[in-house]
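Have it open beside you and follow the points in order.

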Amino acid sequence: MSVELNHTIVHARDNRESAAFLAHILDLEIGTEWGPFIPVATGNGVTLDFATIPAESIVMQHYAFLISEEEFDAAFARIRAAGITYWADPHGKLPGEINRQDGGRGVYFKDPAGHALEIITRPYGGVA
């Protein structure tokens with residue numbers, strides 16, 4: 001069996017709020033609560049298990065999601081409709097823009113816990 005990422009725990013101020021935010025933006029389903037976790041599964045079977053912890057203990061992480069052009073259009077429309085601030089770059093120097101690196105499109109935005117989320121339509125390096 002080859003090595004695959006199965007799940008990761010995402011710290012949140014409110015696990016349900018953060019899971020619902022991601023599920024809404026990416027048009028995913030929220031799974032059944034399991035212990036302290038609210039899961040959101042991606043199309044390749046990786047689950048992000050949201051766990052509530054004290055806000056002062058949260059360290060910002062980066063999560064990037066590879067999506068199709070059509071999914072990008074829909075997710076980006078939801079980002080804009082919700083009035084979420086977004087950037088073309090990870091340092092927040094290009095607000096209100098999207099990037100077009102490697103022949104695709106990408107945008108960065110923050111989740112309710114302050115994690116940096118990214119949606120891209122092409123992996124970096126131009127490999128589809």
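1. Start with F37, which sits opposite A51 in β3. The two strands concerned, β2 and β3, pair in the antiparallel sense over five bridges. Strands here are DSSP runs of E with at least two residues, helices are runs of H or I with at least four residues, and both are numbered from the N terminus. Two strands count as paired if DSSP finds at least two bridges between them.

2. A quick word on the ground rules. This is a predicted model, where local features need pLDDT of at least 70 and side-chain atom pairs count only at pLDDT 80 or more, while totals for chains, interfaces and linings use all residues. Residues are numbered from 1 along each chain as its sequence is written, and side-chain values use heavy atoms, with hydrogens and water left out.

3. Back to the hairpin of β2 and β3: five residues lie between the strands, and G45 takes a positive phi near 85°.

4. The β1 and β3 pairing is parallel, over six bridges, and H7 stands opposite T47 in β3.

5. What does β6 pair with? Strand β5 (residues 86–87) is joined to β6 by two bridges, running antiparallel, and W87 has Y108 as its bridge partner in β6. β6 also pairs with β7 (residues 116–120), antiparallel over five bridges, with V107 opposite I119. In the hairpin of β6 and β7, five residues separate the strands and G114 has a positive phi near 95°. Four of the five residues of β6 (residues 106–110) are buried, so this strand is largely enclosed by the rest of the structure.

6. The largest pocket has a volume of about 390 Å³. Of its 18 lining residues, T42, N44, A64, F65 and L66 are the closest to the centre. β4 (62–66) and α2 (69–81) each supply at least two lining residues, and β4 gives the most, with four. A pocket is an open set of points on a 1 Å grid over the protein atoms alone, with protein on both sides within 12 Å along at least five of seven lines; a cavity is a set where a 1.4 Å probe fits but cannot get out; lining residues have an atom within 4 Å of a point.

7. How many cavities of 30 Å³ or more does the whole structure have? The search finds one. The largest cavity has a volume of about 50 Å³, and its lining includes V10, L48, F65 and D111. α1 (15–26), β3 (47–52) and β4 each give at least two residues to that lining.

Terms used
Points joined across faces, edges and corners; volume = space filled by probe spheres on them. Buried < 20%, exposed > 50% of the residue type's maximum accessible area, 1.4 Å probe, protein only.
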